[in-house]
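Please open the structure in your viewer and follow the stops below in order.

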Amino acid sequence: MLNANPEPEGQIWNKTFFLIMLVSFLMFLSMYMLLPTLPLYAQTLGGNETVAGTIVAVFTLSAVLVRPWFGNLLDRKGRKLILIIGVGIFFVSALAYNLVFSIITLLVLRVVHGIGWGASTTATGTIASDVIPAVRRSEGMGYYGISATIAMSLGPALGLYLVEYRSYSVLFTGSAILAALGLVGSFFINYEIPRKVQVEVKVPLVKGVILEKTAIPPAVVLFFITLTYGGIVSFLPSYATYRGVENIGIFFTVYALVLLLGRPIIGKLADRYGAQKFLVPGILMIATALLILVKASSLPMFLLVGVVYGLGFGTVQPILNALVISLSPPERRGAANATFAVAMDLGIGIGAVMLGFLAQKMGYEYMYGCSAIFALLALVMYFALLRKKLPQ
């Protein structure tokens, strides 16, 4: 077995970290290409809006259900094996969309695809957390998140372009090619946790399915934060139309750029001066952005929300991720990362459903006002569950 951190102490950028960022980018780009286009494809097969929404929901749900199990396997069977299995399932699923000609088979395939997604992304996050030096953990996780941020800014537009100017077959094949490249990259990650850690793991397999308890406090804080994110990604374009604001697509570009530039800088500062000096301001920025959104009536105001929310989310998410790693035992790091990912998936999914109901019954302004309350609840959870666990 290779040592989990063979590079000089304090060095983030090594071969393994670069490769895991590349694999993560390819996987996220493949996924984001399909995110806005598969609901459209479902409608071409005769599905309605409810079916289109279910296409997204079953993918997330299947990933949530398998993450704790794969997190346990990461700790017991090794990182690279689970990564290859997960990316392999993801690749086969993306390619198999070319063979789907009914709603039922599409839904079944989305479940399988979600399993591959849950396994592969839990593995990439765990490997990244292993090779990032502890003294630069927040900064390193900020860099790691950049791969998903860039994919988020490119993937939906690329997928919609292929559907409009090429075909769904080209879309599915392109998504599969990206996953195949990620699979090839996975084989070159010659890395594993130290043998002595594996030998010391005595936890029975069934116990590994239970979420890692040390990761629960930061995961709970993240859950309330991502409840607000579900409302942003799901309903912002509709809210902009309601407000008479055009070209709202630039909001997501601004948001992605703020994440891209802010994550590593804020992470480095958090490593130097302490996480708690940045978590509270980050959560308050998220709440402030949502309150601004309640009154937003022009494109500049929406873009201001993108900047403030991006700074807040770009501060809170990587710092919480770093805390999950720091608080968990090394032999339970896979389970800890799975716990964190489950909280994020559930927050986005439940937030989209809950806030969508509020928007339908009460209106968008009320919905985003309630969303700001979720951010404040995250602050309450921080003081109640997490603050005392951090070094003073």
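The model is predicted, so local features need pLDDT of at least 70 and side-chain atom pairs count only at pLDDT 80 or more, while totals for chains, interfaces and linings use all residues. Residues are numbered from 1 along each chain as its sequence is written, and side-chain values use heavy atoms, with hydrogens and water left out.

Next, consider the overall dimensions. The C-alpha atoms fill a box of roughly 60 × 50 × 35 Å along the principal axes. Of the 392 residues, 56% count as buried, that is, under 20% relative accessible area with a 1.4 Å probe, protein chains only.

Now display the rings of Phe, Tyr and Trp (its six-membered ring); two of them pair if their centres lie within 6.5 Å, with planes under 30 degrees apart counted as stacked, over 60 as edge-to-face and the rest as tilted. How many aromatic pairs does this rule give? The count is 24.

Select Tyr242 and Tyr364, a tilted pair with 5.8 Å centre to centre and 50° between the planes. This pair links distant parts of the chain, since Tyr242 lies in helix α10 (residues 216–242) and Tyr364 in helix α15 (residues 364–386), 122 residues apart.

Finally, select Phe28, Tyr32, Phe59, Phe90 and Trp117, which ring pairs link into a cluster.

Note on methods:
Helices (H or I, at least four residues) and strands (E, at least two) are DSSP runs, numbered from the N terminus. Buried means under 20% relative accessible area, exposed over 50%, partly exposed in between (1.4 Å probe, protein chains only).
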